Amino acid sequence: MLRLSAPWLLPVAGEPIANGAVLIDQGGRIVAVGPDAAVPAPEQARRQDCVGAALLPGLVNTHTHLELTGFAGLAEDDEFWSWIKHLMAIKAARSDEAFRAAAEQGIRECWQAGVTTICDTGSTGQVIMALAALGGSGIVHHEVFGPDPVDCDRAMALFSADLDRLAHYATGRVRLGVSPHAPYTVSGPLYRASAELARAHGVPIAVHVAEPAGESALLHDFSGTFAEAWRERGLSRPSPASVTPVAWLEQHGVLSPETLCIHLIQVNEADADLLQRSQCAVAHCPRSNRRHHGLDAPLRLFLDRTLRLGLGTDSVVSVTPLDLIAEARVARGLAGWNARETVRALTLGGAEALGLAHEIGSIAPGKWGDLVAIAIPATGDPEERVLASSLADVSATWLGGRSVHGGP
């Protein structure tokens, strides 16, 4: 058993507790939480007092690309399609072993940043292997690509074989998901087939959607950078009629309560209504959105419709270092959140977006003992102090009561 105490405890589901404590059982679950004097202190429990810190639930990062760890600074193109092509070339030169090492490093860096659960997308399969080997927590969505409808059956055959292979690593707290990449890389038939496969196996879906302006132009009138790339490959217009990226996914059966929509910058009121009716979740990556597109997602459209929304960092190729609290500070300005609402977005909001709120996201009996200690000044609002913290202030992280950063 493990008993943690701190000057401040931020349960998220309730008011901050001065001089609070948490008791975690041998199975890694929380059994008691409250003021220090009210939490049992069994003789067999290891005890740790987090001096000068606030204890809060482990952070939930709803969008990562951890196989790209180590790529920071290698692709600095301003134009988005040029950046993607550059990134593809760099990935092609990296071995599976290097991707695996990168994934393991990325997971450890997440723990060092106070993140205990990730939602990753990637094409190599190395992140789910690394997460399983390290005993981590998260959902890893395997990507499928194929803009030519003619190639749909072949792409699905290869994709299904990949999923069968990777399913062996979906053990413990690690889940496998499906990710048809984006409207500019996936045909309508491939979207439908991959979504049907995900639903048949009861696994979640993650999609990059409504991110670059060129994606919207591709589906609106077959113009822009992506349309030019399609013409060069001899591909026909994906949609005979003008449609938004969100509506395109809805037409092909992709949107559902099990779908996580990533970025969502090019979104109008009708799109937001579609997302609400489909009960989709949102992964909001504000710093990446600004880095690549110089734009902010219309966050209030999602919040006004009470969509489940979590925060994501994207990859180190987009923004480095991966600092989820820095993302929260930007999102706070866009959303008009107070400190408590912002801390909630970092934790329980992300858990809700991933369908994991019954297991993580707040400090409550029965949930996993995922916690992070962040050094804060002795005076002032503890939630505000946490939001003003830096990566260096993350002093310890526990995953199911197991120390994964700092601590003994």
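Which side chains meet in a salt bridge at 2.5 Å, N to O? The side chains of R29 and E359 do. The notes below start with the ground rules and come back to this pair.

1. **Ground rules.** This is a predicted model, in which local features need pLDDT of at least 70, side-chain atom pairs count only at pLDDT 80 or more, and totals for chains, interfaces and linings use all residues. Residues are numbered from 1 along each chain as its sequence is written, and side-chain values use heavy atoms, with hydrogens and water left out.

2. **The R29–E359 pair.** A salt bridge here is a side-chain nitrogen of Lys or Arg within 4 Å of a carboxyl oxygen of Asp or Glu. R29 and E359 meet at 2.5 Å, N to O. R29 lies in the loop between β2 and β3 (30-35), and E359 in the loop between α13 and β14 (371-375), so the pair ties together parts that are 330 residues apart in sequence. Helices (H or I, at least four residues) and strands (E, at least two) are DSSP runs, numbered from the N terminus. R29 is partly exposed, with a relative accessible area of 24%. E359 is partly exposed too, at 21%. The scale is this: buried is under 20% relative accessible area, exposed is over 50%, and partly exposed is in between (1.4 Å probe, protein chains only).

3. **The E15–R340 pair.** E15 and R340 form a salt bridge through their side chains, at 3.0 Å, N to O. E15 sits in the loop between β1 (2-9) and β2 (17-24), and R340 in helix α13 (residues 339-353), so this pair ties together parts that are 325 residues apart in sequence. E15 is exposed, at 54% relative accessible area. R340 is partly exposed, at 30%. E383 joins in: E15, R340 and E383 are linked in a network of salt bridges.

4. **The D273–R305 pair.** The side chains of D273 and R305 meet in a salt bridge at 2.8 Å, N to O. D273 is in helix α9 (residues 269-278) and R305 in the loop between α11 (299-304) and β13 (308-311), so the pair ties together parts that are 32 residues apart in sequence. D273 counts as partly exposed at 28% relative accessibility. R305 counts as buried at 11%. The count of salt bridges comes to 15.

5. **Helices α2 and α3.** Two packed helices are described by the angle between their axes and the distance between the axes. The axes of α2 (residues 96-112) and α3 (residues 126-133) come within 8 Å and cross at roughly 55 degrees. Axes are lines fitted to C-alpha atoms, for helices over the stretch in contact, and angles run from 0 to 180 degrees between N-to-C directions. α2 and α3 are therefore oblique to each other. Oblique is what remains after roughly parallel (under 35 degrees), roughly antiparallel (over 145) and roughly perpendicular (65 to 115).

6. **Residues at that contact.** Contact means heavy atoms within 4.5 Å. On the α2 side are D96, F99, R100, A103, E104 and I107, which meet Q126, V127, M129, A130, L131 and A133 in α3. By class, this contact has eight nonpolar, one polar and three charged residues. Ala, Val, Leu, Ile, Met, Phe, Trp, Tyr, Cys and Pro count as nonpolar, Asp, Glu, Lys and Arg as charged, and the others, Gly among them, as polar.

7. **G136.** G136 is found in the loop between α3 and β8 (138-144). G136 is buried, with a relative accessible area of 4%. Leaving out residues up to four places away in sequence, G136 touches W111, L131, R173, V174, L399 and R402.

8. **Helix α6.** Buried residues in α6 (residues 213-221) are G214, E215, S216, A217, L218 and L219. Their cover includes β10 (205-209), α7 (224-232) and α8 (245-251). F222 follows α6 and has a positive phi, near 55 degrees.

9. **Backbone points to check.** Most residues other than glycine have a negative phi, and most peptide bonds are trans. The peptide bond from T320 to P321 is cis, with omega near -5 degrees. P321 is in the loop between β13 and α12 (324-335). L264 has a positive phi near 55 degrees and is buried, at 0% relative accessible area. T306 has a positive phi of about 50 degrees and is exposed, at 67%.
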